[in-house]
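Reader: Please take a close look at the aromatic side chains in this model. I want the ring contacts, one by one.

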Amino acid sequence: MRKLLVICLLILNLIVLSGCSEKADTKADTKTYPVKTVELKDESYPVSLEYDGITGGSEVRKLSFKSSAKVSKIYISKGQHVKKGDQLVDLDKTDLNFAMEGAKSEMDAVSAQYNKAVNGAQAEDINKAQIAVKNAQDNYNYCKDLYDKNVSLFEMHAVTQQQVNDIKIKLDGSESELNGAKETLKQLQNGTREEDKLAVLAQLNAAKADYDSKVNLLQDASLTADVDGYVVDILCKEGEMQSAGYPVVLIRSENQVVTIGLSDNDVKKIQLGTKAQVKIDDVTTDGEVMSIVQMADSKSGTYSAEIKLLTQIDNSKFYIGQSVKVYINEGEKNGIWIPIVSILNDGQDYVYVVEDGRAVKKNVTLGQTNENQVCVEGLKSGDNLVNEGLKNIKAGYQVSAE
């Protein structure tokens, strides 16, 4: 009897506990969680390509000399603003002046030869040549007459063979002098041959090119600013030797430029003049693409592009080599845009929407962004997206939307 009573009490407890459990489950199922929702619809937002950039780029110019010499004078200081044409640095021009004067003398000498060849001989030169021919002819006639007489005397055994031979040598010499004098006179009378004129002209052109080069080097010994801008650095000192081609002064133009590296896909979307926004620290300003290199960098594989700031920032805040953010305009994108904060992730991106008073989990694929909005796939116009109260709900929970 006692055993039967115990069994009855156990059965009664199970019934009571079962009833309590059902009441608890029912309470969990019927609890409503407050959330805030937004009804989704197709919208258009401007989209952009986001890149990290570096300030600087092509607006920094490295100025150098074409010749080596000692630095004689530095006119500027680091950070100074300069105008195009302002004096920057001078070299010692002593040796350069000597070289230029020597080249000028050589050019003048060859020029005189060329003028003589082109203009022909003067009457005075022809008269001198005619007198030389007459003198040579007289000398030849004398030697010829003397030779003939000695030949006759030799036949009479009055002179030796050696005496005849000596006279013959003089005769041959006088004949050569006569022929030379006649040739000189002929050249003066006929003028210089065309090929000789061309040869002298070539010499004149070479001498003139050398002189122009020396003048250019002398002028280059005074370095001037080629743009309006700021002195970034001075890489020389007065009294020191400066090597040709080695940078002397770094000048940054007044243009403010940012350089980025575009990917293979993005470089095809961008053209010169494409608008952009550049964020430097807490300052955002407008810019546009001013250049795109058509060959990828061998190390990074990206295509270098330069963005010119259309609205310049304070020069004191623009430092060369500073990292910045660049947003290149790509037009507008139409689709379902949702707040980025409404997206959760458990290994895959998902959101909650409300359907028939309950939270429904939907996976989404993220696309382009615009500030705190992102374009997604996996949702449709008319969906009620949960954007507040996300931490308190799970799929299937009953929710009340505000």
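**Ring contacts**

Author: In this predicted model, the charged end of K361 sits over the ring of Y350, at 4.4 Å from the ring's centre. That is a charge over a ring. Now for rings that pair with rings.

Searching the whole structure turns up three aromatic pairs. One of them joins Y33 and Y397. Their centres are 4.8 Å apart, and 20° separates the planes. The pair is stacked, because planes under 30 degrees apart count as stacked. Where do the two partners sit? Y33 belongs to strand β1, residues 32–39. Y397 is in the loop between β21 (384–388) and β22 (398–401). The pair therefore ties together parts that lie 364 residues apart in sequence. Y33 has 17% relative accessibility, so it counts as buried. Y397 has 29%, so it counts as partly exposed.

Next come Y45 and W337. Their ring centres lie 4.9 Å apart. The planes meet at 55°, so this pair is tilted. The cut-offs show why: stacked needs under 30 degrees, edge-to-face over 60, and the rest is tilted. Both partners are in strands: Y45 in β2 (residues 42–55), W337 in β15 (residues 323–339). This pair therefore ties together parts 292 residues apart in sequence. Again, check accessibility. W337 is buried, at 2% relative accessibility. Y45 is partly exposed, with a relative accessible area of 22%.

Key:
Residues numbered from 1 in each chain as written. Predicted model: local features only at pLDDT ≥ 70, side-chain atom pairs only at ≥ 80, totals over all residues. Heavy atoms only, no water. Phe/Tyr/Trp six-rings, centres within 6.5 Å; stacked < 30°, edge-to-face > 60°. Helix = DSSP H or I, 4+ residues; strand = E, 2+ residues; numbered from the N terminus. Buried < 20%, exposed > 50% of the residue type's maximum accessible area, 1.4 Å probe, protein only. Lys NZ or Arg CZ within 6 Å of the ring centre and 35° of its normal.
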